[in-house]
Amino acid sequence: MKPARFAYTAPDTIEGTLEALDRFGDEAKVLSGGQSLVPMMNFRLARPEVIVDIGRVGGLEQMSLTDGALSVGARVVHARLEAPAVTAPDGRSEPLGGVLGSLLPSVAHYVGHLPIRVRGTFGGSIAHADPAAEWCILARTLDAEIVALRRGSERVIAAADFFETVFTTALAPEELLAAVRLPILGDDWRTGFCEFSRRAGDFAVVAAMTAVRLDPVSGAIVEARIGVGGVAGVPARLPAAEATLRGEVPGADLHAAAAAAAAGEVDPVGDLHGSAAYRRDLVRAMVARALAQGAGESGS
């Protein structure tokens, strides 16, 4: 298949990009890495009148630490998250350490295959809003902030408000997703990410991410986040399952209880990849494994 006819523009500045989006409105679609948009165009599932290619736009390919958050530019490719590095104030590139520096490579490992990871972009994945996409699950679980630009203004959107339904976000037609801000997790955080897919490189049938913050004295969980994807129209947090963890010390029995609560909290969809009941059981298994991974256990 080949895409339907479209007009093409490739501005080389953010200002030029915002001008093009303002001019063309909902007739336009932004092209970043193209690993999601181009296949949809080839199958005629997407028929934009105008493509606005941001591949030449400078300033969108940076990762930097700002106000206690990691700002990931829209054009940062997946492969760079396998060994994340930030730009220091003096212009040098420094490895991102800490909990977040370990979490991002463990998630990036699941994103497609190498050719996709070196072409596809972090911002493109977030804007595409596939509910099974790894970066969408991470953004929702960590309460990321999405920075959207339009001519003359900037808007910051919480991840909880950004994902609306399958392939649909809160971005307005004239807005550009410029960056995603991820919170820097302190050393008292423990994280895990697990997914089940039919083949390596496929989108997840179900994926789960967990993040818990421990009291340094008692070792009890004082804050908990559980996010799942591939279950419904958007990646989701599971507050009831999170509540079972708070105030408790991590362990196999607690992880099993939280995983059971997660399975009971979701309302999965069924499709050719798995029934609703199958997905519900996968939620239980993936949440238990992610929690065990964060606790340094083998999982089950």
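## Contacts of Val57

Contact here means heavy atoms within 4.5 Å, and by that criterion Val57 touches Pro11, Asp12, Thr13, Ile14, Thr17 and Arg75, not counting residues up to four places away in sequence. The model is predicted, so local features need pLDDT of at least 70 and side-chain atom pairs count only at pLDDT 80 or more, whereas totals for chains, interfaces and linings use all residues. Residues are numbered from 1 along each chain as its sequence is written, and side-chain values use heavy atoms, with hydrogens and water left out.

Val57 is located in the loop between β3 and β4 (63-66), where helices (H or I, at least four residues) and strands (E, at least two) are DSSP runs numbered from the N terminus. With a relative accessible area of 0%, Val57 is buried; buried means under 20% relative accessible area, exposed over 50%, and partly exposed in between, with a 1.4 Å probe and protein chains only. The C-alpha atoms of Val57 and Ala159, which are 102 residues apart along the chain, are separated by 24 Å.

## Strands β2 and β3

Strand β2 (residues 28-31) and strand β3 (residues 50-53) run parallel and are joined by four bridges, two strands being paired if DSSP finds at least two bridges between them. Within this pair, Ala28 stands opposite Val50 in β3. The chain passes from β2 through helix α2 (residues 37-42) to β3 in a right-handed β-α-β crossover, a term that applies if, with the strands pointing away from the viewer, the path from the first strand over the helix to the second runs clockwise.

Leu45 lies in the loop between α2 and β3 and is exposed, with a relative accessible area of 64%. Together with Met1 and Phe43, Leu45 forms a nonpolar patch on the surface with about 410 Å² of accessible area. Patches are made of residues with over 30% relative accessible area and no salt bridge, like charges being joined within 9 Å and nonpolar side chains (Val, Leu, Ile, Met, Phe, Trp, Tyr) within 5 Å; the areas come from the Shrake-Rupley method with a 1.4 Å probe, and for residues only the protein chains shown count as cover.

In helix α3 (residues 98-108), the buried residues are Val99, Leu100, Gly101, Leu103, Leu104, Val107 and Ala108. These buried residues pack against β5 (69-73), α4 (114-119), α6 (134-141), β12 (176-183), β13 (189-196) and β14 (206-214).

## Salt bridges

A search of the whole structure finds 20 salt bridges, each defined as a side-chain nitrogen of Lys or Arg within 4 Å of a carboxyl oxygen of Asp or Glu. One of them joins Arg151 to Asp22, with the closest N and O atoms 3.6 Å apart. Because Arg151 lies in the loop between β8 (145-150) and β9 (153-158) and Asp22 in helix α1 (residues 14-24), the pair ties together parts that are 129 residues apart in sequence.

Glu174 and Arg150 also meet through their side chains in a salt bridge (2.6 Å, N to O). Glu174 is in the loop between β11 (168-169) and β12 and Arg150 in strand β8, so this pair connects parts that are 24 residues apart in sequence. Glu174 counts as partly exposed at 22% relative accessibility, as does Arg150 at 28%. Arg140, Asp143, Arg237 and Glu242 are linked in a network of salt bridges.
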